[in-house]
Amino acid sequence: MRTPLSRHAARASRPLVALTTLSVLAAALVATGSAAAAPAYVAACAGQKGVTVVVDFTKLGGKVKTACDPGNPATGLAALTGAGFSYTFVPRQPGFVCTIDKKPNPCNGAPTTAYWSYWHAKPHGKWVYSKTGAGSYNPAPGTVEGWAFGAKHAPRIPPP
């Protein structure tokens, strides 16, 4: 049989149990990196701030994703990661992008017929194939960087 004191103690402990549960869930998210690892993929940058990044996954069975690096990235690779995308280089060929967001999987070695081509544009302009590698190119704020898988095929959407 419960006494009035035990009912009061049970009611008083409910908020503590709820708070503890929330704390454990938050700690699990931080520990696994799930919340922090979610890619941006939101939209193009607004105005002349940041660099918009477009990645065309359509030749790999995916979609075109657009995201914004809100900062002033020093390189095209920095813009790619600043917009929430990950990349790897071709093994034993540093500087040559093989995968973006783990696609293709596995890395195909980037032959001349199937590689990540790199593009630049002004907003609402035309894509221009990059003559410089993404690790050396410094995109200006307010511009658009494009990546498309294939052989010199620009992203399927116009620069946002």
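## Close-up views of a predicted model

**View 1. The open sheet.** Five strands, in the order β2-β1-β7-β5-β6, make up an open sheet with mixed pairing. Here a strand is a DSSP run of E with at least two residues, a helix is a run of H or I with at least four, and both are numbered from the N terminus. Two strands pair if DSSP finds at least two bridges between them. β2 (64-69) and β6 (128-129) stand at the edges with a single partner strand each, so one side of each has no neighbour in the sheet. This is a predicted model, in which local features need pLDDT of at least 70 and side-chain atom pairs count only at pLDDT 80 or more, while totals for chains, interfaces and linings use all residues. Residues are numbered from 1 along each chain as its sequence is written, and side-chain values use heavy atoms, with hydrogens and water left out.

**View 2. Strand β7 and its partners.** β7 pairs with β1 in the parallel sense over 5 bridges, and with β5 in the antiparallel sense over 7 bridges. Look for G146 in β7: V54 stands opposite G146, and W119 stands opposite G146 too. W116 stands opposite F149 in β7.

**View 3. The nonpolar cores.** A nonpolar core is a set of buried Ala, Val, Leu, Ile, Met, Phe, Trp, Tyr and Cys residues joined through side-chain atoms within 4.5 Å. The largest has 18 residues, and V53, V55, L80, F85, I100, W116 and W147 have the most contacts inside it. β1 (51-56), α2 (76-82), β4, β5 and β7 (144-150) each give two or more residues to this core. Apart from it lies another core of 6 residues, including V54, W119, A121 and W127.

**View 4. The largest pocket.** This pocket holds about 190 Å³ of space. A pocket is an open set of points on a 1 Å grid over the protein atoms alone, where a 1.4 Å probe fits, with protein on both sides within 12 Å along at least five of seven lines; lining residues have an atom within 4 Å of a point. Grid points are joined across faces, edges and corners, and the volume is the space filled by probe spheres set on the points. Among the 14 lining residues, F96, W116, Y118, G133 and A134 are the closest to the centre. β5 gives the most to the lining, with 4 residues.

Note on methods: Buried means under 20% relative accessible area, exposed over 50%, partly exposed in between (1.4 Å probe, protein chains only).
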